[in-house]
Amino acid sequence: MSSTPNAVPLSERFRGLAREVVKFGAVGGAGVLVNFGVFNLLRSTTDLQTVRANVIAIVVAIITNYVGFRYFTYRDRDLGSRRREMLLFVLFSGIGMVIESGVLYVGTYGFGFDSSLANNVFKFFGMGVATVFRFWSYRTWVFKALPTPAAHSLVVEQRDGHEAPTAPRTPEPAAKQG
């Protein structure tokens, strides 16, 4: 029979996920403010088309979010390859940008809703869908969790290919009678 490390209780895993969601939400909330702020600033001060203004706003928010995720939400995660991490972050952020901009495009040009309010409603909806995708992809692929340290006996067992010897149990002292 092989030994296994103690499993983390479900309640502790849930608390850890809840903390991660709150931190992700805090950074994401700042990104939402940046995204909407830049988008509405561009829409009100330039002649950029809706989706182009959206792409610029998302790029600014992506930069803001990377800094927040790397140094706040996922600061305890693997720091192995920054180049790989940044490449995957940009890739998944780009997919999120396509999702968000696609929803905005359909609402603006497909349904013909091109008012400031309608643009913001479709942008908000697209951002929500993209956020679910980003949360999953960032935590799964970009900011990978560090492996939990294995118990010494498990490491020896895996290295040697057989079960590690266990230490002999010392007998408990007899209860005093008296």
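Which residues form a nonpolar patch on the surface? Tyr105, Val106, Tyr109, Phe111 and Phe113 do, with about 530 Å² of accessible area together. A patch takes residues with over 30% relative accessible area and no salt bridge; nonpolar side chains (Val, Leu, Ile, Met, Phe, Trp, Tyr) are joined within 5 Å, and like charges within 9 Å. Accessible areas come from the Shrake-Rupley method with a 1.4 Å probe, and for residues only the protein chains shown count as cover.

This is a predicted model: local features need pLDDT of at least 70, side-chain atom pairs count only at pLDDT 80 or more, and totals for chains, interfaces and linings use all residues. Residues are numbered from 1 along each chain as its sequence is written, and side-chain values use heavy atoms, with hydrogens and water left out.

Start with the overall fold. The protein chain has five helices and zero strands. Along the sequence the pattern reads α-α-α-α-α. Helices (H or I, at least four residues) and strands (E, at least two) are DSSP runs, numbered from the N terminus. Of the 178 residues of the protein chain, 33% count as buried. Buried means under 20% relative accessible area, exposed means over 50%, and partly exposed lies in between (1.4 Å probe, protein chains only). The chain exposes about 11900 Å², and carbon and sulfur atoms supply 67% of that area. Among contacts in the protein chain with a separation of 6 or more, 72% come from residues 24 or more positions apart. Contact means heavy atoms within 4.5 Å.

Now look at one helix pair. Two packed helices are described by the angle between their axes and the distance between the axes. The axes of helix 1 (residues 10-45) and helix 4 (residues 116-142) come within 11 Å and cross at roughly 145 degrees. Axes are lines fitted to C-alpha atoms, for helices over the stretch in contact, and angles run from 0 to 180 degrees between N-to-C directions. Helix 1 passes helix 4 in a right-handed crossing. On the helix 1 side, the contact includes Leu17, Val21, Phe24, Phe36 and Arg43. On the helix 4 side, the residues include Asn119, Lys123, Phe124, Met127 and Tyr138.

Leu33 also sits in helix 1. Is Leu33 buried or exposed? Leu33 counts as exposed, at 67% relative accessibility. Its C-alpha atom and that of Ala61, 28 residues apart along the chain, are separated by 8.5 Å.

Tyr109 lies in helix 3 (residues 82-110). Tyr109 is partly exposed, with a relative accessible area of 38%. Gly107 is found in helix 3, but Gly107 is buried, with a relative accessible area of 0%. Leaving aside neighbours within four places in sequence, Gly107 is in contact with Gly112, Phe113 and Phe122. Leaving aside neighbours within four places in sequence, Thr108 is in contact with Thr50, Phe113, Asp114 and Asn119.

Charged pairs come next. The structure holds seven salt bridges. A salt bridge is a side-chain nitrogen of Lys or Arg within 4 Å of a carboxyl oxygen of Asp or Glu. Arg43 and Asp114 meet in one, at 3.7 Å from N to O. Arg43 lies in helix 1 and Asp114 in the loop between helix 3 and helix 4, so the pair ties together parts that are 71 residues apart in sequence. Arg43 counts as partly exposed at 26% relative accessibility, and Asp114 as partly exposed at 43%.

Lys123 forms a salt bridge with Glu100, the closest N and O atoms being 2.6 Å apart. This pair links distant parts of the chain: Lys123 is in helix 4 and Glu100 in helix 3, 23 residues apart. Both Lys123 and Glu100 are buried.

Finally, Arg19 forms a salt bridge with Glu12, with the closest N and O atoms 3.6 Å apart. Arg19 is partly exposed at 47% relative accessibility, and Glu12 is partly exposed at 33%. Glu12, Arg15 and Arg19 are linked in a network of salt bridges.

Notes: Left-handed = near helix turned anticlockwise from the far one by under 90°.
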